[in-house]
Amino acid sequence: DPLNTLALAALLIVAGAPRTLWAVAFQLSFASVLALILLAPIAMAVVRRWLDDAALPEWGRRTVLAVLDPLVISTAAWLGVWPLVAYHLHRVTLIAWLANLFAVPLAALVMVTGLVVVLGGFLHPWLVLPWVGAVHLASHGLVAGLAWCARWPGAILPCPPPPWWVLAGWYLALAAIARKINNTNILLND
């Protein structure tokens, strides 16, 4: 079960390092994954139901899904973290869901190529030299792309930190909405 697995992961991390619970990275990571678990499947099922009603040809359906699935996932993650971003960083970014469309694949590329460099470096440093260039290129693209998005007008809005009860209310509301939608069988039977 994804929720139990997420809770167990959080419990193990906090048991090993209790102060981690108050770390911004811990909170953002778990809030985004929680939103992905609760919201993304619902939104993706709604998109698929809409596509079934639209009676598109198979190639059109695949094309629309290729565009909408990443948008749905990115928006779900954004819905999960924006209150915490406002609380900790005193700002809200309105384009994070869009910036994630290129940031997530590039970040994955940085992690994979970085792992190849670390592991391959044990064998021989010259073997990983091309991979070092790939890490550098992907990292530079990631930072440059995010900086470009941050310069868009209205991309980042300063705001006062919301009180704790607003944060709690937001996450309780997201969980209640997800539960209600799941219980009313809006999802298609897969």
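Which residues does Leu-39 touch, not counting residues up to four places away in sequence?

Modeller: Happy to! A word on the ground rules: this is a predicted model, in which local features need pLDDT of at least 70 and side-chain atom pairs count only at pLDDT 80 or more, while totals for chains, interfaces and linings use all residues. Residues are numbered from 1 along each chain as its sequence is written, and side-chain values use heavy atoms, with hydrogens and water left out.

Now to your residue. With residues up to four places away in sequence set aside, Leu-39 touches Ala-76, Leu-79, Leu-174 and Ala-178; a contact here means heavy atoms within 4.5 Å. Leu-39 also belongs to the largest nonpolar core, whose 8 residues are Ala-35, Leu-38, Leu-39, Ala-40, Ile-42, Ala-76, Leu-174 and Ala-178. At least two residues of this core come from each of helix H2 (24–38), helix H3 (40–54) and helix H7 (164–183). Such a core is a set of buried Ala, Val, Leu, Ile, Met, Phe, Trp, Tyr and Cys residues joined through side-chain atoms within 4.5 Å. Buried means under 20% relative accessible area, exposed over 50%, and partly exposed in between, using a 1.4 Å probe and protein chains only. Helices are DSSP runs of H or I with at least four residues, strands are runs of E with at least two, and both are numbered from the N terminus.

Asp-69, in helix H4 (residues 58–89), counts as buried because its relative accessible area is 15%. Beyond its neighbours within four places in sequence, Asp-69 is in contact with Met-44 and Arg-48. Its side chain makes a polar contact of 3.1 Å with the side chain of Arg-48 (a pair of N or O atoms within 3.5 Å; within protein, one must be able to donate a hydrogen and the other to accept it, and residues adjacent in sequence count only if both atoms are side-chain atoms).

Stepping back, the protein chain has 7 helices and 2 strands, running α-α-α-α-β-α-α-β-α from the N terminus. Of its 190 residues, 26% are buried. Among contacts between residues at least 6 apart in sequence, 71% join residues at least 24 apart.
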